[in-house]
Amino acid sequence: MKRLLITAASVLALTAAPAFAQDMVVTNAKLVIGDGGAPIEGGVVIVDDGKVVFAGVPTPGQTFSTDVVIDAGGAWVTPGLFATVTTLGLADVSAVDESNDITARETPFSAALDAATAINPTSQHILVHKAAGITRAATSMMPSGSIFAGQGAIIDLDGDAQPVMQARAFQMINLGEGGADRAGGSRAAAHALLRSALREAQALVGKSGIPETTEIGKDDEVFLSRFDAEALVPVVTGKQKLYVAVERMADIRAVLALKTEYPKLDLVLVGVTEGWLVANEIAAAGVPVIANGLNDLPETFEQLGATQSNAGRMAKAGVTVAINAESLQNPRRLQQVAGNLVALTRMPGASGMEWGKAFAAISSVPAAISGMGGKAGVLKPGALGDVVMWSGDPLEVGSVPTKVFIAGVEQDLTNHQTRLRDRYIDLDESDRPKAYDW
Amino acid sequence: MLSHFKLRARIGALATLASALALSACATTGGSGDPASASDKSDDKAFAATPAGDPVFASTYKPYPNIATAIRGATIYDGKGGKIENGVVFMSGGKITSVGGPDTPIPADIAVFDGTGKFVTPGIIDIHSHLGDYPSPGVEAHSDGNEATAPTTPEVWAEHSVWPQDPGFSRALANGGITALQILPGSANLMGGRSVTLKNVPARTMQGMKFPGAPYSMKMACGENPKRVYGSRGRMPSTRMGNLAVNRETWLGAIDYANDPKAKRDLGKETLVGVLKGEILIQNHCYRADEMALVLDMAKEMGYKVAAFHHAVEAYKIGDLLRENDVCSAIWADWYGFKMESYDGILENAAFLQREGACVVIHSDDQNDIQRLNQEAAKAQAAGARVGIDIPDATVIQWLTYNAAKAMGISDMTGSLETGKMADVVLWNGDPLSVYSRPEKVWIDGALMFDAMNPKTRPVSDFELGQPGEGDVK
């Protein structure tokens with residue numbers, strides 16, 4: 001590979017599209033670091049060996065050795081978006097049961113379910129969302145047969161053979177209406193089930209071996225399969241995050257109170273529609289939130305206090321807030337939600353987020369909550385070389401990526417939708433039916 | 001992902017039945033001791049309902065008090081593709097009095113708003129909503145959108161399910177600038193019943209919201225939902241061919257009814273005959289292009305017209321056919337892949353339809369998206385621009401205003417800023433096709449029904465009183 005030595009000001013065109021990570025320099029960018037700051041004009045990003053080595057405004061005379069130089073021409077350049085919580089890769093069509101691995105109502109297992117074993121890296125949803133600038137995601141099954149959804153994974157969206165960056169990154173449970181329903185019909189049942197499960201897991205802490213060689217005390221009226229109880233050991237010891245989906249103020253408090261019983265729990269709140277009512281308590285507990293961004297209706301009795309200002313108010317109180325992809329029609333709407341949070345800053349009485357903070361809420365913040373702090377959702381030295389160039393302001397609804405790099409590799413943005421688009425760019429069948437147009 | 005077809009658990013229905021039985025038992029006991037009812041029966045005057053076709057459940061909506069108001073200095077999109085820079089909109093008596101450039105006369109001593117840097121559009125209209133018939137909170141007891149007990153129920157009217165206290169109406173007003181909306185029955189049934197068009201004003205009764213003079217529509221549904229709901233019960237239809245067969249048999253029955261002067265009144269057939277006469281419009285849930293083509297042929301066979309295909313995610317495949325048949329496509333911008341018949345959804349749907357000269361309407365079918373139809377339209381516009389189909393902003397606004405009104409049969413009253421039309425107007429605090437803009441003021445028939453600058457103009461439904469966040473910014 002030919003190496004180029006350039007300065008930030010001199011831009012040489014070079015066309016090459018190898019499917020492996022190459023060193024590259026993006027120049028002349030309206031650069032978004034993703035850490036909450038404002039965009040930087042004339043920014044440069046340098047990716048070496050799949051990682052960011054520099055992002056910012058270079059000092060005069062600074063030189064870089066590189067394979068490829070890309071002149072952004074003033075376009076917006078950002079880190080890849082980080083989507084959480086999603087079901088990406090777990091279903092082709094959610095309403096087509098045969099294709100859907102998101103729920104497993106009939107399984108005897110619960111906490112042991114491991115989403116990483118079911119992910120299809122070439123799912124159209126992954127390809128479509130990569131084309132929308134999402135380069136990494138937390139993906140999880142959803143609670144169905146139990147309050148436990150099972151263990152979620154952190155994935156990349158490059159469609160290669162290894163989509164899973166971290167398997168079993170978190171356990172997810174629901175302790176609101178949904179959890180109550182699945183536990184037998186009451187929140188009290190959900191809490192009792194959780195406590196008994198954690199107790200069983202605690203009994204296994206430090207024990208090793210296969211189910212036949214270690215035992216849970218039979219006096220404990222074991223509810224979980226051994227496999228499920230073992231899966232909760234990292235939760236109860238704080239080695240695996242516990243995502244808890246709740247909406248109501250009282251339910252949020254009940255989750256925060258779990259820390260007094262189980263001090264090692266590494267909690268993350270999900271949903272949290274009424275979080276603004278207890279924002280100070282959430283902030284004091286230091287528990288991050290993956291918040292529904294724009295829900296403003298009492299769609300359930302646990303969401304009576306819903307307002308679009310929820311995320312902004314929590315952030316103002318010092319809560320770490322990422323935007324929840326799961327509550328959206330599809331995760332590619334994250335940019336739209338973030339843009340709406342910016343819009344709220346102009347509305348009397350409303351709370352939103354400044355542009356940089358709103359962008360961070362769909363990039364570096366969810367990445368950090370997912371254990372990828374400094375690695376994803378941000379363009380800083382040492383971070384993965386996930387770089388997205390946009391057709392316009394990335395929080396504006398009409399903007400889409402023009403180039404997407406994942407770990408320094410430029411991505412093919414073709415998918416089922418772009419192929420349909422290309423076929424139906426006209427309706428001309430005078431020569432042949434559309435089936436021949438591909 | 002949302003499922004836009006909602007069928008709640010049947011336990012709730014059973015419970016309701018049980019309580020209904022208890023109630024009717026009480027009524028019987030009370031009635032038997034009342035001699036007046038018995039003597040009425042022996043009277044020689046005939047019992048009769050009001051004649052078929054007389055207005056029933058009639059609108060009691062009256063425009064709220066308004067003051068003559070003008071907005072000047074704003075960018076105006078008139079809803080029919082026109083754009084005026086630095087324009088003036090003047091409304092009085094609940095009507096649009098004049099629309100024009102900066103020289104348009106504004107009478108002295110009326111309320112004048114400076115629209116510099118702001119935008120004015122007609123009130124936004126959602127052709128596809130379930131507010132009120134699937135209200136918030138979405139509990140089983142509120143599940144009133146699908147009479148999923150028979151595959152054709154043209155006799156049911158969505159207005160009888162509308163709960164005017166649904167907090168969703170106020171969100172649609174304040175965040176979406178929605179001034180009129182069509183409430184449809186759901187899509188469990190091939191023929192789901194009549195729709196109702198509402199003015200988006202808070203009211204104690206449905207009649208207090210009912211859009212005066214708006215025609216009814218009837219909801220029909222193609223595809224997966226009817227065949228799944230009834231097929232799973234071992235009933236017809238269980239296939240798409242079954243869907244068409246049941247539809248055609250039903251239309252033939254309606255034609256016989258229409259031709260039989262001695263036929264006993266039949267509420268379902270009255271609706272169908274209204275369609276055949278062109279008095280009631282057809283709003284047809286239909287995702288797939290091939291099924292839309294079948295429906296158009298069925299409509300020709302039976303002698304009716306389809307006003308709009310809703311959720312028409314594959315409309316882009318037959319834009320020519322839709323244009324030739326003068327049918328609108330009511331669509332989302334970016335919903336796809338949540339059910340099999342939505343698998344081919346693409347962002348360019350609206351733009352490809354526009355390229356063919358077919359009618360585009362952006363709809364919601366959702367209590368959240370109805371708050372952002374402008375943003376959905378902007379996504380669809382941008383997708384077109386990326387493939388070289390440049391659609392002017394003013395045309396895109398037409399998708400949410402005039403085109404929706406046209407497909408609902410109310411375009412002679414609202415949907416555009418034209419002299420004499422209802423003063424249904426939104427003042428946006430910026431470009432309505434930007435994510436960063438919001439409605440600042442919304443007028444309905446000239447009455448200022450929402451003002452972002454005044455918290456007391458946030459409507460609060462009865463349900464929200466005394467609850468967390470009562471009167472909060474939403």
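In chain B, B:Trp251, B:Gly253, B:Ala254, B:Ile255, B:Tyr257 and B:Ala258 of helix 5 meet B:Lys269, B:Leu272, B:Val273 and B:Leu276 of helix 6. Two residues are in contact if their C-beta atoms, placed from the backbone, lie within 7 Å. The residues of this contact divide into eight nonpolar, one polar and one charged. Here Ala, Val, Leu, Ile, Met, Phe, Trp, Tyr, Cys and Pro count as nonpolar, Asp, Glu, Lys and Arg as charged, and the others, Gly among them, as polar.

This is a predicted model: local features need pLDDT of at least 70, side-chain atom pairs count only at pLDDT 80 or more, and totals for chains, interfaces and linings use all residues. Residues are numbered from 1 along each chain as its sequence is written, while chains are lettered from A and ligands numbered from 1 in the order in which they are written.

Helix 5 (residues 240-259) and helix 6 (residues 267-276) of chain B pack at about 85 degrees, with axes 9 Å apart. Axes are lines fitted to C-alpha atoms, for helices over the stretch in contact, and angles run from 0 to 180 degrees between N-to-C directions. These two helices of chain B are therefore roughly perpendicular (65 to 115 degrees).

Now for chain B as a whole. Helices (H or I, at least four residues) and strands (E, at least two) are DSSP runs, numbered from the N terminus. A residue is buried if 20 or more other C-beta atoms lie within 10 Å of its own.

| Property of chain B | Value |
|---|---|
| Helices and strands | twelve helices, 17 strands |
| Box of C-alpha atoms, along the principal axes | roughly 70 × 55 × 45 Å |
| Buried residues | 55% of 474 residues |

Helix 3 (residues 168-176) of chain B is mostly covered: nine of its nine residues are buried. Among them are B:Phe169, B:Arg171 and B:Leu173. What covers the buried residues includes strand 6 (124-129), strand 7 (178-183) and helix 10 (373-386) of chain B. Just after helix 3, B:Gly177 takes a positive phi of about 65 degrees.

Leaving aside neighbours within four places in sequence, B:Val89 is in contact with residues including B:Ala70, B:Ile71, B:Val120 and B:Leu417.

Finally, the two chains. Their contact takes 43 residues from chain A and 48 residues from chain B. On the side of chain A that touches chain B, helix 9 of chain A gives the most, with five residues. That side divides into 21 nonpolar, 16 polar and six charged residues.

Conventions
Buried ≥ 20, exposed ≤ 12 C-beta atoms within 10 Å, placed from the backbone. Parallel < 35°, antiparallel > 145°, perpendicular 65-115°, else oblique.
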